[in-house]
Amino acid sequence: MRLTHPLLFFIVVLVLSYTHVTAQTEKRFSGDYSNIKFTRFVSDIEKQSDYRFYFNPVWVDSLIVNIRVSNKTIAQILDVVLGDTQFKYAITETNKIFITQGEPLITALPVDFFDSSLARDSTRKKMEYSRYEETEKALAEKIIVLGTKGANSKPTATIAGYIKNINTGEPLIGVTVMIEKPVIGAVTDPFGFYSITLPKGQHQLKIRSIGLKSISRNIILNSDGKLNIEMEEDVMPLKEVVVESEREVRVMSMQMGTEKLDLKTMKQIPLALGEVDILKAMLTLPGVQSVGEGTVGFNVRGGATDQNLILFNEAIIYNPSHLFGFFSAFNPDVLKNVELYKSGIPAEFGGRLSSVMDISSREGNKKKFSASGGISPITGRLALEGPIIKDKSSFLIGGRSTYSDWLLTKIPNSGLQNSEAAFYDINLNANHEFSAKDQIYLSGYFSKDRFKLQNDTLFGYSNLLGALKLRHVFFNKFFGELITNYSAYEYDIKAEN
């Protein structure tokens with residue numbers, strides 16, 4: 001057949017050229033990918049082309065690629081790599097590749113999406129899923145191998161790691177890590193660190209805490225290993241009240257006479273002028289009594305006020321109140337945990353006779369920047385937090401002050417108008433994780449008060465605290481903390497003639 005017409009010849013050449021160009025636009029690969037991790041395989045593909053992969057690294061940490069290809073498209077390669085697994089892939093027109101579990105990601109609407117309500121509902125159900133629940137389901141079903149088989153002849157091995165909030169990166173205190181047969185467990189410390197020794201073999205770890213979603217991990221324990229875990233907060237609907245005995249209490253603690261309060265618990269207590277006061281919250285506990293109205297002291301089981309030790313981030317605070325006991329010296333936006341030891345005080349706190357109140361503040365959000373604050377009839381407060389290096393270090397700055405001086409000037413009483421009542425406090429926290437074994441924590445606190453009734457004596461006092469903590473994990477069963485702190489309290493009295 002001869003093409004004599006110029007226009008017909010031009011059309012044929014154009015069609016053949018378009019077909020050739022189209023065939024050449026799809027990138028083809030050749031190479032030997034033998035016994036390499038999926039993440040390394042992805043990195044190599046992305047270096048050779050403009051394809052970009054999107055997936056959860058936790059899902060594929062045990063996926064090994066073992067394939068040799070010659071002039072294959074990315075779809076042909078992924079068909080082989082993911083063929084015998086639960087993973088699916090979807091490739092968009094912009095060369096983005098999404099790796100999912102169970103069902104492939106829908107990158108375009110079906111043709112009959114707007115024509116059939118049934119098809120629309122079905123498609124939407126597939127597209128709606130919880131990222132956390134899907135990830136957690138995969139982790140719960142996966143078997144995690146820890147340690148090296150035959151590394152030693154001991155019948156037991158130790159697992160250690162950190163448990164943190166999946167949204168903020170904050171370490172979680174008091175989370176129970178346990179197995180049920182036999183009942184063995186451990187609880188995370190104030191840094192979110194846990195260490196548990198188990199018989200070698202296969203176990204199901206159960207991780208639980210009040211206010212968090214319970215999760216599990218299937219492990220095969222060959223020797224000592226690390227296992228870090230992230231948990232999500234849980235909102236529990238109120239249905240009925242069930243009182244039962246829990247087996248986990250056997251592994252919680254052997255400490256007697258210890259009471260714990262968190263910020264959520266303290267907010268449930270009736271507030272004075274809208275201010276959360278941890279000292280007033282402590283008065284609701286058994287064995288704790290106030291020494292009188294308008295005072296900051298408290299008695300624990302008959303002990304004197306000077307027999308109580310109050311610590312804020314490991315540093316001693318000598319006057320934990322503002323305006324002679326009317327307000328707490330602690331900004332509720334920065335608090336994390338409060339513990340009161342009423343008996344059997346651990347040796348680390350020294351020799352106080354009556355009680356020890358150990359107050360700790362939050363470290364700051366390691367995931368994203370955020371702010372919180374509030375205003376009450378007497379005070380205003382603000383807290384800023386966020387990552388310095390994401391998932392590695394964070395900061396937290398909180399400040400609070402009163403405008404009671406301004407309110408006194410509005411009272412139609414000359415005596416009160418000549419009075420003064422003011423205070424402010426500032427918190428500063430910072431931390432950095434050098435590695436899985438080394439962390440540093442820095443905290444500071446400063447407060448200042450002044451008070452004068454009419455033209456009488458002017459009282460003033462201030463607190464200055466600083467603490468530096470270095471933490472190092474030597475191995476799973478042994479870690480150390482170096483803590484140094486500074487505490488100062490100053491006061492002055494000025495009498496006017």
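Colleague: Asp 32 first: what is its relative accessible area?

Modeller: Asp 32 comes out at 46%, so it is partly exposed. The cut-offs are under 20% relative accessible area for buried, over 50% for exposed and partly exposed in between, with a 1.4 Å probe and protein chains only. Keep in mind that this is a predicted model, where local features need pLDDT of at least 70, side-chain atom pairs count only at pLDDT 80 or more, and totals for chains, interfaces and linings use all residues. Residues are numbered from 1 along each chain as its sequence is written, and side-chain values use heavy atoms, with hydrogens and water left out.

Colleague: Which side chain does Asp 32 meet in a salt bridge?

Modeller: That's Arg 68, at 3.4 Å from N to O. A salt bridge here is a side-chain nitrogen of Lys or Arg within 4 Å of a carboxyl oxygen of Asp or Glu. Asp 32 is in strand β1 (residues 28-37) and Arg 68 in strand β3 (residues 64-73), so the pair ties together parts 36 residues apart in sequence. Arg 68 itself is exposed, with a relative accessible area of 68%.

Colleague: How are you assigning helices and strands?

Modeller: They're DSSP runs numbered from the N terminus: H or I of at least four residues for helices, E of at least two for strands. The protein chain has 10 helices and 30 strands.

Colleague: And how many salt bridges does the structure hold?

Modeller: 18. One of them joins Lys 213 and Glu 232, at 3.1 Å from N to O. Those two are 19 residues apart, Lys 213 in the loop between β11 (201-208) and β12 (215-221), and Glu 232 in the loop between β14 (229-231) and α6 (249-252).

Colleague: Is Glu 232 buried or exposed?

Modeller: Buried, at 17% relative accessibility.

Colleague: What does Glu 230 pair with?

Modeller: Glu 230 forms a salt bridge with Lys 367, and the closest N and O atoms are 3.4 Å apart. Here the partners are 137 residues apart, with Glu 230 in strand β14 and Lys 367 in the loop between β23 (355-361) and β24 (370-375). Glu 230 counts as partly exposed, at 36% relative accessibility. There's also a network: Glu 180, Lys 206 and Arg 208 are joined by salt bridges that share partners.

Colleague: Switching to the inside. Which residues have the most contacts in the largest nonpolar core?

Modeller: Met 266, Ile 278, Val 338, Met 357 and Ile 359, in a core of 26 residues. A nonpolar core means buried Ala, Val, Leu, Ile, Met, Phe, Trp, Tyr and Cys residues joined through side-chain atoms within 4.5 Å. The elements giving two or more residues to this core are α7 (263-267), α8 (278-282), β17 (298-300), β18 (308-312), β22 and β23. The largest share, four residues, comes from α8.

Colleague: What is Val 338 in contact with?

Modeller: Leaving aside neighbours within four places in sequence, the list for Val 338 includes Leu 261, Met 266, Ile 278, Met 282, Met 357 and Ile 359. Contact means heavy atoms within 4.5 Å.

Colleague: What about the sheet there, what's the strand order?

Modeller: It's an open sheet of five strands, β15-β22-β23-β18-β19, with mixed pairing. Strands pair if DSSP finds at least two bridges between them. At the edges are β15 (258-262) and β19 (315-316), each pairing on one side only. β15 runs antiparallel to β22 (residues 335-341), with five bridges joining them. For example, Asp 262 has Asn 337 as its bridge partner in β22.

Colleague: Last one: what percentage of the chain counts as buried?

Modeller: 39% of the 497 residues.
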